[in-house]
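Please have the structure up while I talk.

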Amino acid sequence: MAFLARQDDYFAALTRALMAVERGEVKQHPADLQALMGEIYAAYGMTEAAERALESTLGARVNEAVIRQAWLQLALQYYRQRDYESAWRILEKQMRSPAAAWGERYVSLRALTLMRLGRYKEAAECLDVFAREQTLPPFLRYNRAVSLLKSGRLAQGEAELEQIVGLPADQPGLEGLKDQARLALASHWLNVDQQKQALTLLSSARLEGPFADETMLLYSRILLNERQTDRALAVLTRLETRAIHSDAVQQALLVLAQVYEQQGNQKAAKTYFEKALRRFASEEAFLKETQAQIASGEWFADVEGEAFWSNSMEPLPVFSTQDLNSFSVFYRWFASAEFQRRWIQYHELRRLQNRLDLWAYKMPALTAMAKDRAQQKAVLLPEARGVLEQLSNQGLPQRFDLLASRFEEAVSRQDLLAFASESEKELWQVQQQAQVTIDQWGRFARPDMGEQLAFYRGLLLWEMQENLVSRQQDRRQQLEEIGVLLDENRALQDRVFLAANQIEQLGEVGQDLVELNARVLELQKQGERLVQRQQLDLQAGASRQVMQLRDKLRQYSAAAHEGLADLVNRSLRANRSSGVSAPAVKTGEEP
């Protein structure tokens with residue numbers, strides 16, 4: 001069960017655990033079992049059930065590694081649910097231990113929880129303690145650097161971020177972390193009025209990756225602060241040509257219009273305000289359409305891709321949605337632990353649903369087979385019982401025992417006639433009759449006839465005596481073969497007897513199959529509801545992402561409308577002061 005839980009196959013692990021509890025199979029380590037069940041409940045998001053299971057182990061003998069892993073899973077689940085207070089309560093109350101015993105996952109979760117609670121000084125101290133025991137991996141170094149900056153240890157935080165930026169790019173995913181560190185360091189330098197250092201740092205930044213848009217926007221802002229307007233405009237112009245889904249691109253459109261307005265280039269400013277409004281309207285329509293697709297289930301069908309058949313022996317499908325039209329809208333959400341956890345849970349439910357579908361497909365055939373077997377046995381039952389009665393009347397075991405005892409008696413008495421062939425027995429019988437005839441003739445019999453008969457009898461006895469051992473061995477082998485056949489016959493009788501008396505049990509099995517079929521159908525419906533609920537949960541998460549983007553887009557659209565209106569008003573006032581008549585406003589135009 002622990003192995004299955006570590007492989008994230010929580011359904012199989014929980015099923016085995018519940019069956020073991022019901023059957024009373026775990027007697028030596030019940031607390032360890034409860035800890036494992038608590039970990040699995042936590043992985044499924046059932047935090048209350050998980051905490052009850054883990055609290056039941058308090059004071060009991062339980063493996064330290066098992067209970068620590070279970071409490072860590074529960075704290076992680078609270079963190080994912082944004083219940084940072086509960087996550088910290090578990091970490092602080094249930095997982096206090098020396099720094100040397102801390103694992104990387106525990107330290108990372110502890111530091112992240114403290115950072116979410118705004119306790120950056122404690123987060124930095126936590127990572128400092130761990131750093132004295134082990135070398136911090138790059139992502140923990142980044143968290144430590146941010147905590148140092150937030151807690152006022154600026155020099156140390158800056159030095160840590162600079163070291164991360166300078167790391168060699170020989171690890172997968174490290175470039176993204178370096179970009180994030182570069183962006184954080186430049187933002188910090190901008191806030192402490194060290195703009196030239198930030199400018200130098202961002203001048204070597206990549207123009208691709210998940211942080212490229214934010215980096216270009218920050219770079220243009222610093223250039224504007226340094227009064228390098230032409231370079232800033234070049235960066236902003238390049239940035240605004242990127243996908244409008246990015247928040248940085250949307251801001252770049254507004255900043256371009258504002259910069260041209262400040263320069264007195266009202267025509268260019270008006271052009272970018274209008275371009276921003278057009279692109280914002282296009283993005284709003286796209287997001288609205290995406291939201292409609294989410295509501296109808298079409299979006300989820302595209303994300304899920306082609307249907308697949310999965311059982312407990314197959315891995316979950318690789319998540320890949322780069323071909324999705326709205327991928328650029330959701331790519332950050334797709335990369336989040338929240339989405340990945342829900343995605344795995346959805347496919348675990350799908351896997352269970354597939355197995356239930358398979359059982360539902362097989363159940364009618366099993367029921368029909370049981371019914372057919374019952375009918376066949378009802379027909380064959382009288383014949384089978386007749387055969388059993390005949391075999392019983394023949395008394396084969398008793399006859400075999402009699403033969404065996406006669407054989408042993410003949411061996412012990414060295415009875416030659418018992419092992420003679422049929423011709424020898426016939427010849428011996430003829431000699432016995434001849435002897436009787438001679439005895440009846442008395443004195444009338446010829447003297448040489450008795451001698452000749454004695455000679456022939458001796459010759460016959462000599463022939464039977466000569467190979468007596470081999471004859472006994474052959475007869476013993478025959479008896480053994482008969483014994484084997486008798487055992488086989490007895491086994492067949494037992495099978496026939498068992499089958500003849502199981503006709504009622506077969507009927508009970510048929511009834512059980514009918515009830516099981518109904519239960520499988522009921523579970524199938526429950527599984528369908530759970531799969532649908534998990535799908536709706538994913539769709540709700542996507543809808544929330546779209547709503548957040550639409551809310552921000554509306555704010556930018558309002559700012560663009562306001563900027564364009566101010567620009568037009570200033571133009572109108574300037575025209576009135578110079579005596580130029582204002583152009584007529586077309587009806588139906590959006591103010």
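A cavity here, on a 1 Å grid over the protein atoms alone, is a set of points where a 1.4 Å probe fits but cannot get out, and lining residues have an atom within 4 Å of a point. This is a predicted model, so local features need pLDDT of at least 70 and side-chain atom pairs count only at pLDDT 80 or more, while totals for chains, interfaces and linings use all residues. Residues are numbered from 1 along each chain as its sequence is written, and side-chain values use heavy atoms, with hydrogens and water left out.

The second largest cavity is lined by D179, R182, A205, R206, E208, F211, A212 and T215. Its lining has three nonpolar, one polar and four charged residues. For those classes, Ala, Val, Leu, Ile, Met, Phe, Trp, Tyr, Cys and Pro count as nonpolar, Asp, Glu, Lys and Arg as charged, and the others, Gly among them, as polar.

Now the open space. A pocket is an open set with protein on both sides within 12 Å along at least five of seven lines. Of the 48 residues lining the largest pocket, R116, R332, A335, S336 and A337 lie nearest its centre. By class, that lining has 25 nonpolar, 10 polar and 13 charged residues.

Last, the surface. Which state does W462 have, buried or exposed? W462 is exposed, at a relative accessible area of 52%, because exposed means over 50%, buried under 20% and partly exposed in between, with a 1.4 Å probe and protein chains only.
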